[in-house]
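I opened this model to look up a few packing details. My notes follow in the order I took them.

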Amino acid sequence: MKKFLYLLPTLSLAAEAMAQGQQRPNIVYIMSDDHTAQMMSCYGHSPISTPHMDAIAEGGVLFNNSFVANSLSGPSRACMLTGKHSHKNGFTNNEHGIFDGSQQTMPKLMRQAGYQTALIGKWHLVSTPTGFDHFEIVPGQGDYYNPTFITMDGKEHIEKGYLTNITTDKAIEWMEQRDKEKPFILFVHHKAVHRDWLPEMKYLRLYEDQTFPYPETFHDAWGGRKAARLQEMSIASPHDMDLIYDNKIYSPGDTSRLCERYLSYVNRLDEADRKTYFEFHDSLTAAFKKNPPVGQALKEYKYQRYMRDYAKVTRSLDDNIGRLTDYLKEAGLWDNTLVVYTSDQGFYMGEHGWFDKRFMYEESFNTPLIMHLPRGYERRGNIDEMVQNIDYAPTFLDMAGAPIPEDIQGQSLVPLLKGEKVIGRWRDAIYYHFYEYPAEHSARRHYGIRTKSWKLIHFYNDIDQWEMYDLEKDPHELHNLYGQPRYAKQQKQLHKQLRRLQKQYDDPIESQIK
Ligand code: SGN
Ligand code: CA
C-alpha cells in the first residue's frame, strides 16, 4: 500500500509528547447500531433533538463525509477493528461470517502499546473477542429488555433493565475500577437503535403526538435502478415491514411470519412493565383496527409508527451519551480523552420508501461521526474530507504513538484532527463492497466508488447493472446516468478510479468471492 507522507511527522509528535511526560490520550469509542445522521440534530434536518450528541459535535468536530466500507453490522465492526476492507479481514457478511480473532487487530496493537482495552455491549462477530483486557458482550443482536450478557469466562447471565442503560452502567463501572496509571481504550457498543426498536418504558408514549415529515424520495418508484426494485426493505411491503413485528399492531390470536419473535422480545419484560407495554400498544391496535388504513394511508401509517419507535430508542441512546460524557467530566478524564460517537452504518428513514441499510446510496453508505478531541488536537467544527471506518484503527494507533502496520488500509485522521492542511494529500475516492446476498432484505451484491461529486456502482452476482450518479445535481440518486453518451468521459474516468482503488486495496472482486 502507498505510504502517506504525513505519518512520519505525526508519529514523531506523539513520541515527543510521551518524551515530555504528557499522558497519552484515553479513547472512548461509542458505536451505536443502525443510528443514522438524519436522526441527529447536529447534522441538521433531524425531526428529533439529540442534545448530548450535539454537545460532542459543538465542542469538537463533525464529519460531513463519513462512510463505511460495507454497510452491515459484523462487516463494519471487522473493518473498524482491523483497519482493512472486508476481503482482507475475511468477515464479508453476517450470515456466514466468523471473525478470525487470531489476525492482527487494533485492540491487540493498542494493548501492545501499553493501553488497557475493554469492550462492552454488542459484538456480533461470532468468535470470542480477542485483544481485550476486559469484555462483557451480548449474544448476537442482544435484547433490549432484561438482556443476557456473556462474561469473559463464557458464562451467560441476565441483567434487569434496559440494555442501553446497562451498557453505559457497565462502561462506567469498568472505568472506575481500571488501572488508573495506564491510558485506556474503551469500546461501548450499543444495540440501540437496531430493529425491533423497542423503547425504554419511560419513553413508551414519547413522540406519540408528533407527525414526522415524509422524505422527498418516500414515493420513489426505483426507475432505472434494477437492484433498488428487487430489494425487500420497503416500508409499504407487508413482507418486508411486518405490521406486528415492526409496527407492534398486535392483538391475541393475530399471527404473522415474525409475530412469535416479537412476543418473545416483549415477554422478557417483568410482569408489571409487560402490562404497561401492552396497555399502550393495545390502544394503538384498537384504534388501527377500528379504522384500518389501506394503500397509501397504510404506508404512511407504518412510516409514522416506525419513526416514533426509532425516535424513542434514539432518545434513550442520547441520554446515555450524556451520562457517559458527564462521567468523563466528573472523573477528570474529559480533557485528555478522545470521545468518538459513530454507528456501524447509516439507515433509511423512509428515503426511497425504505428502512434498513446495505446499499451504497448515501443514507446507508454514510455513517454519523462526531468527536470530542483531547488536548493537543485543535481542530473544531465541520470536516468535509471523505473518511471511512477503516480509518479508526490507524487513527487510534497514531494518537497512542504506536506504529501503524503497513498492511492497514485506512488512513490516520490525526492530520485532520490537528487542523493540518491536507490539500492534495487526502484521498479523492472512497471504496465500498457489499456481499450479503442472497439474504434478508435482498440487496444485491455490489461494489463501487464515490468521489466528491460522483458515484459509480456495479451490482453483480445474479444481476449485472452499473449505476452512475451526479451527486451535486442529483443528491438523492434518482437518475442513473450510466451509459448515457454525454457522460461517457466521466464514466471512463470513474472506471479508471475504481480500478485504481481495487488494485490499491487488492480486492479480487466478484471473480473469487463465494
Ligand atoms: C436482523 C434484522 C434485519 C437486519 C439484520 C442485520 N432482522 O437480521 O432487519 O438487516 O439484522 O442488521 S430482524 O428480524 O432480526 O430484526 S445488522 O445491523 O446487525 O447488520
Ligand atoms: Ca447495524
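**Entry 1: a helix pair**

I started with helix α2 (residues 51-59) and helix α10 (residues 295-330), whose axes come within 7 Å and cross at roughly 50°. The model is a predicted one. Angles under 35 degrees would count as roughly parallel and 65 to 115 as roughly perpendicular. I therefore logged α2 and α10 as oblique to each other.

Next I listed who makes the contact. From α2 I noted Pro51, His52, Met53 and Ile56. From α10 I noted Leu317, Asp318, Asp319, Ile321, Gly322 and Thr325. Sorted by class, the contact of α2 with α10 has five nonpolar, three polar and two charged residues.

**Entry 2: a covered helix**

How many residues of helix α3 (residues 73-82) are buried? I found ten of its ten, so I wrote the helix down as mostly covered. The buried residues include Arg77, along with Ser73, Ser76 and Thr82. Gly74, Pro75, Ala78, Cys79, Met80 and Leu81 are also on the buried list.

I then asked what they pack against. Three strands came up: β1 (26-32), β4 (116-122) and β8 (184-189). The helices α4 (86-89), α5 (106-112) and α12 (392-399) came up as well. After α3 comes Gly83, and I read a positive phi there, near 75°.

**Entry 3: one serine**

I moved on to Ser127, in the loop between β4 and β5 (134-138). Is Ser127 buried or exposed? Its relative accessibility is 18%, and the cut-off for buried is under 20%, so Ser127 counts as buried. Its side chain reaches the backbone oxygen of Phe99 at 2.6 Å. I left aside neighbours within four places in sequence, and Ser127 is then in contact with Ile98, Phe99 and Gly101.

**Entry 4: an open sheet**

Last, I traced a sheet of four strands. It is open, ordered β13-β14-β15-β16, with antiparallel pairing. Which strands stand at the edges? They are β13 (429-434) and β16 (465-470); each has a single partner strand, so one side of each is left without a neighbour in the sheet. On average, neighbouring strands of this sheet are turned by 10° against each other, direction ignored.

I looked at one pairing in detail. β13 and β14 (residues 446-451) run antiparallel and are joined by six bridges. Tyr432 stands opposite Gly448 in β14.

A helix belongs in this entry too. Helix α14 (residues 488-504) lies across β13, β14, β15 (454-459) and β16. I noted that α14 runs at about 110° to β14.

Technical notes: Residues numbered from 1 in each chain as written. Chains lettered and ligands numbered in written order. Predicted model: local features only at pLDDT ≥ 70, side-chain atom pairs only at ≥ 80, totals over all residues. Heavy atoms only, no water. Pairing = 2+ DSSP bridges. Helix = DSSP H or I, 4+ residues; strand = E, 2+ residues; numbered from the N terminus. Axes fitted to C-alpha atoms, helices over the stretch in contact; angles between N-to-C directions. Contact = heavy atoms within 4.5 Å. Parallel < 35°, antiparallel > 145°, perpendicular 65-115°, else oblique. Nonpolar A, V, L, I, M, F, W, Y, C, P; charged D, E, K, R; others polar. Buried < 20%, exposed > 50% of the residue type's maximum accessible area, 1.4 Å probe, protein only. Polar contact = N/O pair within 3.5 Å; in protein donor to acceptor, adjacent residues only side chain to side chain.
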